[in-house]
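Dear colleague,

I am passing on the structure we spoke about, together with some notes on what turned up in it. Please read the notes with the coordinates open beside you.

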Amino acid sequence: MHRNRGSRTSQRYGILTRKLITFIICLSFYIISLSCERSSPPSSSSSSSLLDQMSDFSYNPMSKFLANKFNANDDELSYLDKLTKLKQKNRKSTLQYTSPSVVIDDFLFHGDLGHASNLSLLKSLDIRYIINICDCPLDKEIMDEFKVLHINLDDEIGVDIKQHFDQTNQFLFSCKEKNQKVLVHCQMGISRSSTIVLAYLMKYHHNTLLEAYDFLLNKRRQASPNYGFLLQLIQYEKELKQKNEINDDSGKEKSKQSDVENPVKTLDENINKVE
Ligand SMILES: *[C@@H]1O[C@H](CO)[C@@H](O)[C@H](O)[C@H]1NC(C)=O
């Protein structure tokens, strides 16, 4: 009993230490980018906000890091830049914490560990299926009563989350077919779970990542996959486009996927067109 508690505590310390290190790395990126900015010659965009400049990947050290470590090419980096800027757009929705965000009415909920651990909340929302995509398992009480897909995964940019998209997409789609409500959650409902929700929107609503992310941000403002996950989503979009599963807005003919595999009609009724 005691030993168990000891190892749990040290495990927790391990997680804390890793989170602290990640935080320090992010902070140093931030500081480096600030100093780079100061030493760079004044540009015509000197009136743009600091946030704009922070997210401009052309001179953000993060882009160099992503290029070196993950072979991100220029197209991917400029896509990342666009995605990051979406977060700064004004949105009607306000932040909410007491209950999960509703991404698709009567079907897809998106929240945090607290929501997934709150039996009465889940019952009141009539949720019976859960995707838990964090390093923390749910209590036995929940595991016994709900159908839970647990994918144990850390929120770190080097983690391969894309390998799980097929499984999570199938799980979500089977809930849709059964008319069951499902909660996708991680620790905070910010990075890991958003990635899973976006992969679903891309595959089954045939949206580009940009459209899907804009849509999701309207439903859950704190949605923010880490850069490594965003890169993997960009690569996933490319794959789906090659398979003709994403409707490319650029005027070309509509993709020819069958409604059985990709039931546009039934699902797209729920989704608002992204401007
Ligand atoms: C669980 O959710 C209910 C709302 O249904 C809320 O009132 C309650 O505070 C939550 N409990 C915890 C422990 O967060």
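A crossing of two helices is called right-handed if the near helix is turned clockwise from the far one by less than a right angle, and left-handed if the turn is anticlockwise. Please keep in mind throughout that this is a predicted model.

Helix α9 (residues 192–205) packs against helix α11 (residues 227–242) at an angle of about 15°, and their axes are 11 Å apart. Angles under 35 degrees count as roughly parallel, and α9 and α11 are therefore roughly parallel to each other. The crossing that α9 and α11 make is right-handed. A second pair is formed by helix α4 (residues 74–86) and helix α10 (residues 209–219), whose axes come within 10 Å and cross at roughly 15°. That angle makes α4 roughly parallel to α10, and the crossing in which α4 passes α10 is right-handed.

Turning to the sheet, 5 strands form an open arrangement with mixed pairing, in the order β1-β2-β5-β3-β4. Because β1 and β4 stand at the edges with a single partner strand each, one side of each is left without a neighbour in the sheet. On average, and ignoring direction, neighbouring strands of this sheet are turned by 25° against each other.

Which strands does β3 pair with in the parallel sense? Strand β3 (residues 127–132) pairs in this way with strand β5 (residues 181–185) over 5 bridges, and I131 stands opposite V184 in β5. Strand β3 also pairs in the parallel sense with strand β4 (residues 147–150), here over 4 bridges, and in this pairing I130 stands opposite V148 in β4.

S101 has H110 in β2 as its bridge partner. In the hairpin that β1 and β2 form, 3 residues lie between the strands, and D106 takes a positive phi near 55°.

Finally, there is the ligand, around which the residues are G114, N118, S120, L121 and S124. Which helix gives the most to this shell? That is helix α6 (residues 119–125), which gives 3 residues. Sorted by class, the shell around the ligand holds 1 nonpolar and 4 polar residues, and no charged ones.

With best wishes

Key
Residues are numbered from 1 along each chain as its sequence is written. This is a predicted model: local features need pLDDT of at least 70, side-chain atom pairs count only at pLDDT 80 or more; totals for chains, interfaces and linings use all residues. A residue is near a molecule or strand if its C-beta atom, placed from the backbone, lies within 6 Å of it. Helices (H or I, at least four residues) and strands (E, at least two) are DSSP runs, numbered from the N terminus. Ala, Val, Leu, Ile, Met, Phe, Trp, Tyr, Cys and Pro count as nonpolar, Asp, Glu, Lys and Arg as charged, and the others, Gly among them, as polar. Two strands pair if DSSP finds at least two bridges between them. Axes are lines fitted to C-alpha atoms, for helices over the stretch in contact, and angles run from 0 to 180 degrees between N-to-C directions. Angles under 35 degrees count as roughly parallel, over 145 as roughly antiparallel, 65 to 115 as roughly perpendicular and the rest as oblique.
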